[in-house]
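Subject: Structure handover

Dear colleague,

Here is the structure you were expecting, with its sequence. My notes on the sheet and the salt bridges follow below it.

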Amino acid sequence: LTEFFTDWRTTGAVVGTSRFTRDKMFDRLDWRNVRTAVELGPGTGCVTRSILGRLPRNSRLVALEINPRFVHRLRNEVRDERLAVVEGSACQLPRLLREQGLPQADLIVSTLPFSTLAPALRREIVRAATEALSSEGRLVAIQYQPFVLPPLLQKSFGGVGLTMSWINRSEEHTS
């Protein structure tokens, strides 16, 4: 809550994404072949934990976060050898993957608040995600305003699906 009121443009939500929304988003994905996953904007880590719960044991997850307080919290609270928490911008994703010694991503999960970002920054993030994603990879994004991101994705990816989750109550408590 403090981070949202400190910088609402980069902290997209007051509460974490609910289990209902995460399940709806992730249950349709085939996790068996995900070797490299990326999370853009992990915040406090509720989606991070959900990804790790589904990710195969021999896979890696790069959680890319610009807020140093969230980076510190994630590094201290989410202990998993598959996780690398990286402080940096989503615009730098291809370079940051190379620095981690990882190939292109099989899955990119974004919880970035595209509706509050400047249009040029939105385009740059989508460009970086497109470059970082393998040819068979998938990009999944949670958005509270579903009309900003799909047109951008349509230009880069062609096929874009939209699924609505009407339940985003938070049943989890984080301090």
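A salt bridge here is a side-chain nitrogen of Lys or Arg within 4 Å of a carboxyl oxygen of Asp or Glu. Please keep in mind that this is a predicted model.

Salt bridges

A search of the whole structure gives 9 salt bridges. One of them pairs E81 with R57, and their closest N and O atoms are 2.6 Å apart. E81 sits in the loop between α4 (68–77) and β3, while R57 sits in the loop between α3 (46–54) and β2 (60–65), so this pair ties together parts that are 24 residues apart in sequence. Both ends can be described by their accessibility. E81 has a relative accessibility of 61% and counts as exposed; R57 is exposed too, with a relative accessible area of 56%.

R32 forms a salt bridge with D30, with 2.8 Å between the closest N and O atoms. R32 is exposed at a relative accessible area of 63%, whereas D30, at 40% relative accessibility, counts as partly exposed.

Another salt bridge lies within a helix. The side chains of E99 and R95 meet at 2.4 Å, N to O. The two residues are 4 apart in helix α5 (residues 93–99), and therefore about one helical turn separates them. E99 is exposed, its relative accessible area being 53%, and R95 counts as partly exposed at 35% relative accessibility.

How many strands does the open sheet have, and in what order? There are 5, in the order β3-β2-β1-β4-β5, and the pairing is parallel. The edge strands, each pairing on one side only, are β3 (83–87) and β5 (133–141). From one strand to the next, the twist averages 20°.

Strand β4 (residues 105–110) runs parallel to β5, and 5 bridges join the two. Across this pairing, L107 stands opposite R138 in β5. Helix α6 (residues 119–132) packs on the sheet, where α6 touches β1 (36–40), β4 and β5. The direction of α6 makes about 140° with that of β5.

If you open the model, two places to start are the E81 to R57 salt bridge and the packing of α6 on the sheet.

Regards

Key. Residues numbered from 1 in each chain as written. Predicted model: local features only at pLDDT ≥ 70, side-chain atom pairs only at ≥ 80, totals over all residues. Heavy atoms only, no water. Pairing = 2+ DSSP bridges. Axes fitted to C-alpha atoms, helices over the stretch in contact; angles between N-to-C directions. Contact = heavy atoms within 4.5 Å. Buried < 20%, exposed > 50% of the residue type's maximum accessible area, 1.4 Å probe, protein only.
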